[in-house]
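Trainee: I have the model open and would like to work through it with you. Where shall we begin?

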Amino acid sequence: SSTYRQSSDIADEAARLDPTGSLLSRMPLKRMEAEVLRDSLLLICGQLDETPFGPADPVEARADGLVTSQRGKAGWRRSIYVLQRRTKIPTLLENFDFPQMGPNCIQRGESLVAPQALHLMNNEMIHQLAVYLAGNIQNTVGDDREQQIQQIYLRTLGREPDPEETRIGLETLQLLEEKWNTQLKDKQTSSTSVQKALSSYCHAIFNLAEFQYID
């Protein structure tokens, strides 16, 4: 139906007549559920193992307190195949409101708390996924920065960047490369700085609200 296909954009008239959205004048903006967020990150980075069925993928509690699912030879499988143990919920899922197993959860909650942003900013697996995405982008379009930005937007946000976003992206990649050059100095080649700059840019895109929310 046309109602189902609506955007979450709020027109002035809709804001006046339906300020709370209860009359379905627009789609309510919705953040991706924990499993959808994890699986989306794996998919766009080329690390989603689509092997179905079989035993659950094991999880491990690391020394730093984080709980992570173990990677297989082809990547990580969908969240539905991750072992569910009450005392070992993967940290990414738990931070983004994965339903609690004890006591039984009859309704999924939705919070907006600091650990969510901190996880996407600092988690080692998220950084590694950004590296995978950057590598895939380079393999697809080479070193053309404008094409790289376009591909990143298409894969992560499902749209092309507008001219202003492209300009900001080009400036950001240049600044990131200069920063990495300064930090690495003569320890690495210039190509390493380019790769790290692209990975940092991909990581920044993961942290955008537009990536985390369904519009």
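Mentor: Let us begin with R78, which is in contact (heavy atoms within 4.5 Å) with R38, D39, L48 and D49, leaving aside its neighbours within four places in sequence. This is a predicted model, in which local features need pLDDT of at least 70 and side-chain atom pairs count only at pLDDT 80 or more, while totals for chains, interfaces and linings use all residues. Residues are numbered from 1 along each chain as its sequence is written, and side-chain values use heavy atoms, with hydrogens and water left out.

Trainee: Where is the place of R78?

Mentor: R78 sits in the loop between β5 (76-77) and α3. The element names follow DSSP runs numbered from the N terminus, with helices (H or I) of at least four residues and strands (E) of at least two.

Trainee: And what is the relative accessible area of R78?

Mentor: The value is 40%, so R78 is partly exposed. The classes are buried under 20% relative accessible area, exposed over 50%, and partly exposed in between, with a 1.4 Å probe and protein chains only.

Trainee: R38 came up among the contacts of R78. What does the cavity search give?

Mentor: The count comes to one cavity of 30 Å³ or more, and R38 is among the residues that line the largest cavity. On a 1 Å grid over the protein atoms alone, a cavity is a set of points where a 1.4 Å probe fits but cannot get out, a pocket is an open set with protein on both sides within 12 Å along at least five of seven lines, and lining residues have an atom within 4 Å of a point.

Trainee: What volume has the largest cavity?

Mentor: About 90 Å³, where a volume is the space filled by probe spheres set on the points, and points are joined across faces, edges and corners.

Trainee: Which elements supply at least two residues each of its lining?

Mentor: They are β4 (67-69), α3 (91-95) and α5 (124-141). The largest share, three residues, comes from β4. By class, the lining of the largest cavity has five nonpolar residues, five polar and one charged. Here Ala, Val, Leu, Ile, Met, Phe, Trp, Tyr, Cys and Pro count as nonpolar, Asp, Glu, Lys and Arg as charged, and the others, Gly among them, as polar.

Trainee: Which residues of α5 are buried?

Mentor: M125, I126, L129, A130, L133, A134, I137 and Q138. Of the cavity lining, M125 and I126 are also part.

Trainee: What happens at the start of α5?

Mentor: There, a side-chain oxygen of N123 comes to within 2.9 Å of the backbone nitrogen of M125. After the helix comes G142, with a positive phi near 75°.

Trainee: How far apart are the end C-alpha atoms of α5?

Mentor: They are 26 Å apart, which agrees with the 26 Å that its 18 residues should span at 1.5 Å a residue. The expected span is 1.5 Å times one less than the number of residues.

Trainee: New topic: what is the volume of the largest pocket?

Mentor: About 260 Å³. Two or more residues of its lining come from each of α5 and α8 (190-206). The largest contribution, seven residues, is that of α5.

Trainee: How many residues line the largest pocket, and which lie nearest its centre?

Mentor: The lining has 15 residues, with V131, W180, K196, S199 and S200 nearest the centre. It divides into five nonpolar, nine polar and one charged.

Trainee: Now T166: buried or exposed?

Mentor: T166 counts as buried because its relative accessibility is 12%. This residue is in helix α7 (residues 163-184). Setting aside residues up to four places away in sequence, T166 touches E146, I149 and P161.

Trainee: What joins the side chains of E165 and R159?

Mentor: A polar contact of 2.8 Å. The term covers N or O atoms within 3.5 Å, where within protein one must be able to donate a hydrogen and the other to accept it, and residues adjacent in sequence count only if both atoms are side-chain atoms. E165 is also in helix α7.

Trainee: Finally, how many helices and strands has the protein?

Mentor: Nine helices and six strands. Of the 215 residues, 36% are buried.
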